[in-house]
Amino acid sequence: MHSSGAGVDGARGVLAVDSTAPGAAPRGLDAFRRGWETQIGDDVFQLPAFSADTIGDFRVKGNVAKVHGAAIADLHAASATRTADAPGGDQDLVAMYIVQRGAWTLGGPPGRGEQTVPAGQFLVRHVGRLTAFETTAHLTAKFLVLPPGELKPLLGNRVITGPADSAEIRLLTALTDMIHATVADLGPAGVEATHGALIELAKAVAKGRFDDVEPRLAPALTQAAKDLADRRLADPELSPAMLARELNVSVRTLHRAFAAVGEQVATYIRHRRLQEARLALAAPSGRLSISELAAHWQFADSSHFTRTFKKHYGQTPTEYARSTGAASLSPNSHLPGHGSAESA
């Protein structure tokens with residue numbers, strides 16, 4: 001079992017917990033609760049009482065970050081979890097659940113039924129009192145606790161649900177990933193700016209639209225665009241216009257966000273494609289020729305690919321492959337040990 005964290009300084013905290021190792025489960029919940037109380041704080045969210053079966057088999061791995069009155073938990077649960085039937089306790093917060101795998105079932109307030117957040121969906125609601133919940137085994141989800149100030153008036157008594165791949169959730173997810181990576185090193189001004197950006201994106205989820213003139217959101221928009229581009233690098237339709245459309249912003253807004261962090265959209269796409277092509281050239285068991293690599297990574301032809309590669313790396317693709325021991329490649333030759341469509 002592993003539990004670690006950076007001490008709370010009042011504005012931020014970091015918690016990492018892993019009770020998935022053999023024999024760690026019986027003590028896993030205690031470690032998670034102890035870490036939450038010391039690193040995150042019950043003032044942000046009070047953990048409920050859990051059922052006896054959950055206490056004995058709590059196999060969860062995750063990271064939690066606190067910024068001011070907000071907390072972001074990335075959770076991977078190998079075991080099912082279930083709270084006591086009546087956890088009790090007053091709360092005043094906004095809770096958001098983004099489920100990638102498994103399902104999270106939430107008890108409703110008096111007079112309202114349960115709600116299940118399945119894989120690929122999100123749910124956000126105001127919480128005035130602790131309610132029961134349960135999760136399936138093999139759950140992967142983000143759980144966000146947010147201060148109610150600006151969000152509660154937007155939500156009222158509504159429960160907002162939708163797809164986890166919506167533009168607003170993509171932006172929010174990109175920001176939370178950045179927070180996990182940087183919160184331990186942020187100074188007071190950075191914590192304040194991060195908290196503000198988190199609230200602005202949560203408001204975008206509640207309103208169903210993104211405020212594209214909010215400068216604090218440029219890093220999150222840039223990261224979300226990069227994440228999407230990385231998944232679509234081989235797509236011939238990949239372009240600034242496609243990314244802007246998928247993220248529900250204007251092309252001008254996207255370019256402005258990249259400029260704010262000193263980058264250009266098209267340059268990022270080209271460099272990432274070159275990086276992937278370079279990895280393929282160095283691989284001991286590749287299949288693609290120079291011309292096929294050029295086509296796969298959407299370069300106009302092998303000559304254009306070769307010129308661009310040499311300008312970026314100082315070597316032609318053939319020279320680079322030879323220097324790594326992969327092969328000596330002509331524009332239509334293949335890495336050793338592999339045929340081509342032409343020779344098949």
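Me: What is the volume of the second largest pocket, and which residues line it?

Reply: Happy to start there. This is a predicted model, and in it the second largest pocket has a volume of about 160 Å³. Its lining consists of Ile98, Gln100, Ala164, Asp165, Ile169, Arg170, Thr173, Ala174, Asp177, Ala224, Asp227 and Arg231.

Me: Which elements give two or more residues to that lining?

Reply: Look for strand 6, helix 4 (167–182) and helix 6 (218–231). Helix 4 supplies the largest share, five residues.

Me: Now to cavities. How many of 30 Å³ or more are there?

Reply: The count comes to one. About 340 Å³ of space lies in the largest cavity. Its lining has 26 residues, and those nearest the centre are Phe50, Leu75, Trp104, Phe133 and Phe143. The elements that each give two or more residues to this lining are helix 1 (25–40) and strands 4 (70–77), 6 (90–101), 7 (103–106), 9 (121–129), 10 (133–135) and 11 (139–146).

Me: What does the lining of the largest cavity have by class?

Reply: The tally is 21 nonpolar, three polar and two charged residues.

Me: How do I read a helix pair, say helix 9 and helix 11? At what angle do their axes cross?

Reply: Start with distance and angle. The axes of helix 9 (residues 265–282) and helix 11 (residues 302–313) come within 11 Å and cross at roughly 95 degrees, so helix 9 is roughly perpendicular to helix 11. Next, find the residues that make the contact: helix 9 brings Arg270, His271, Leu274, Gln275, Ala277, Arg278 and Leu281, while helix 11 brings Phe305, Thr308, Phe309, His312 and Tyr313. By class, that contact has six nonpolar, four polar and two charged residues.

Me: Finally, which elements have the lowest and the highest mean pLDDT?

Reply: Strand 1 (residues 2–6) has the lowest, at 50, and strand 11 the highest, at 95. For the protein, the mean is 84, and 86% of its residues reach 70 or more. Where pLDDT is low, the predicted coordinates should not be read in detail. Residues 333–344 stay under 50 throughout, and for this stretch the model has 27 contacts beyond four places in sequence.

Conventions: Residues are numbered from 1 along each chain as its sequence is written. This is a predicted model: local features need pLDDT of at least 70, side-chain atom pairs count only at pLDDT 80 or more; totals for chains, interfaces and linings use all residues. Side-chain values use heavy atoms; hydrogens and water are left out. On a 1 Å grid over the protein atoms alone, a cavity is a set of points where a 1.4 Å probe fits but cannot get out, and a pocket is an open set with protein on both sides within 12 Å along at least five of seven lines; lining residues have an atom within 4 Å of a point. Grid points are joined across faces, edges and corners, and a volume is the space filled by probe spheres set on the points. Helices (H or I, at least four residues) and strands (E, at least two) are DSSP runs, numbered from the N terminus. Ala, Val, Leu, Ile, Met, Phe, Trp, Tyr, Cys and Pro count as nonpolar, Asp, Glu, Lys and Arg as charged, and the others, Gly among them, as polar. pLDDT is the predictor's confidence in each residue, from 0 to 100. Contact means heavy atoms within 4.5 Å. Axes are lines fitted to C-alpha atoms, for helices over the stretch in contact, and angles run from 0 to 180 degrees between N-to-C directions. Angles under 35 degrees count as roughly parallel, over 145 as roughly antiparallel, 65 to 115 as roughly perpendicular and the rest as oblique.
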